[in-house]
Amino acid sequence: IFQNPGTALNPRRTVGDLLRHVTGRFVEGDRAAAIAETLAAVQLDPVVLDRYPGQLSGGQRQRGAIAAAFVARPRLVICDEVTSGQDVSVQAAILATLADLRRRLGTSVLFISHDLGVVRSIADHVYVMRSGRIVESGRTESFALMLISDEDGPWPLEEAKAATKDIETASLDFEGGRRLVLRHDAKLAGPWMLQLVEGKKP
């Protein structure tokens, strides 16, 4: 599922054309029933089957893309920044839909995102990457998520963990006792450290 459904979906094909193409290649049995069930799961009215992407809202286009990804009941779906560019209410609805599909179908989801709130709400396991390499990983509920950057690119993780002196800290607290901490090294011009801290209250 791509970041921008407006460019990922073929503007000359209806949503129904797309879903029938996918089911024709990958679904055995009652394909119409598979399409109807998937539309209901992503909360799209069947009337969208006859509509082109340009006739849909941004949220509807993204739900159409989600339907196309899940209609064949895959074992793995890759989501690339699927909530980017959506308003908060649409983001929440899309994340709830993905979570419901995961539970219902038992599908694994590889979710790519720079949004820490999205990561916290949907991920079971988190991997942090720098320059194409995994630099840290852990379970979401117990993981201190760090994103390190400066003018020359990310710090090595070992250096970031060692940078504990002369730190200025600001924080934002969430439900469940989670706290988002922004730390800045006052002696250096560029480096910042963003950390999701579990179990810390104001």
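## Arginine 73 and its salt bridge

Arginine 73 is partly exposed, because its relative accessibility is 33%. In this predicted model, the side chain of arginine 73 forms a salt bridge with glutamate 37, with 3.4 Å between the closest N and O atoms. Arginine 73 sits in the loop between H4 and S1 while glutamate 37 belongs to helix H3, so the pair ties together parts that are 36 residues apart in sequence. Glutamate 37 is likewise partly exposed, at 42% relative accessibility.

## Salt bridges within helices

The structure holds 4 salt bridges. One of them joins the side chains of arginine 104 and aspartate 100, at 2.7 Å from N to O. Both residues lie in helix H5, where 4 residues, about one turn of the helix, separate arginine 104 from aspartate 100. Arginine 104 has a relative accessible area of 46% and is partly exposed; aspartate 100, at 24%, also counts as partly exposed.

Another salt bridge links aspartate 17 to arginine 20, with an N to O distance of 3.3 Å. This pair is found in helix H2 (residues 15-26), and because the two are 3 residues apart, about one helical turn lies between aspartate 17 and arginine 20. Aspartate 17 is partly exposed with a relative accessible area of 27%, and arginine 20 is partly exposed with 44%.

## Cavities

The model contains 3 cavities of 30 Å³ or more. The second largest cavity has a volume of about 40 Å³. Its lining consists of Glu37, Thr38, Ala41, Arg73, Leu101, Arg104 and Leu105.

Helix H3 (31-41) and helix H5 (88-105) each supply at least two residues of the lining of the second largest cavity. By type, that lining divides into 3 nonpolar, 1 polar and 3 charged residues.

## The largest pocket

The largest pocket holds about 700 Å³ of space. It is lined by 20 residues, and those nearest its centre are Phe111, Ile112, Ser113, Val126 and Tyr127. At least two lining residues come from each of S2, helix H6 (116-122), strand S3 (125-130) and strand S5 (145-149). S3 provides the largest share, 5 residues. The lining of the largest pocket is made up of 15 nonpolar, 3 polar and 2 charged residues.

## The second largest pocket

In the second largest pocket there is about 210 Å³ of space. The residues lining this pocket are Ile1, Phe2, Ala8, Leu9, Leu18, Ala65, Ala68, Ala69, Leu76, Val77 and Ile78. Helix H4 (58-70) and S1 each contribute at least two of the lining residues. The lining of the second largest pocket has 11 nonpolar residues, no polar and no charged.

## A nonpolar surface patch

Leu76, Ile78, Leu110 and Ile112 form a nonpolar patch on the surface, and together they have about 350 Å² of accessible area. Strand S1 (76-80) and strand S2 (108-112) each give at least two residues to the patch.

Leu76 and Ile78 also line the second largest pocket. Isoleucine 112 lies in strand S2 and is among the residues nearest the centre of the largest pocket. Isoleucine 112 is partly exposed, because its relative accessibility is 38%.

Definitions and conventions. Residues numbered from 1 in each chain as written. Predicted model: local features only at pLDDT ≥ 70, side-chain atom pairs only at ≥ 80, totals over all residues. Heavy atoms only, no water. Patch = residues over 30% accessible without salt bridge, like charges linked within 9 Å, V, L, I, M, F, W, Y side chains within 5 Å. Areas by Shrake-Rupley, 256 points an atom, 1.4 Å probe, with all protein chains shown as cover. Buried < 20%, exposed > 50% of the residue type's maximum accessible area, 1.4 Å probe, protein only. 1 Å grid on protein atoms, 1.4 Å probe; cavity = no way out; pocket = protein on both sides within 12 Å on 5 of 7 lines; lining within 4 Å. Points joined across faces, edges and corners; volume = space filled by probe spheres on them. Nonpolar A, V, L, I, M, F, W, Y, C, P; charged D, E, K, R; others polar.
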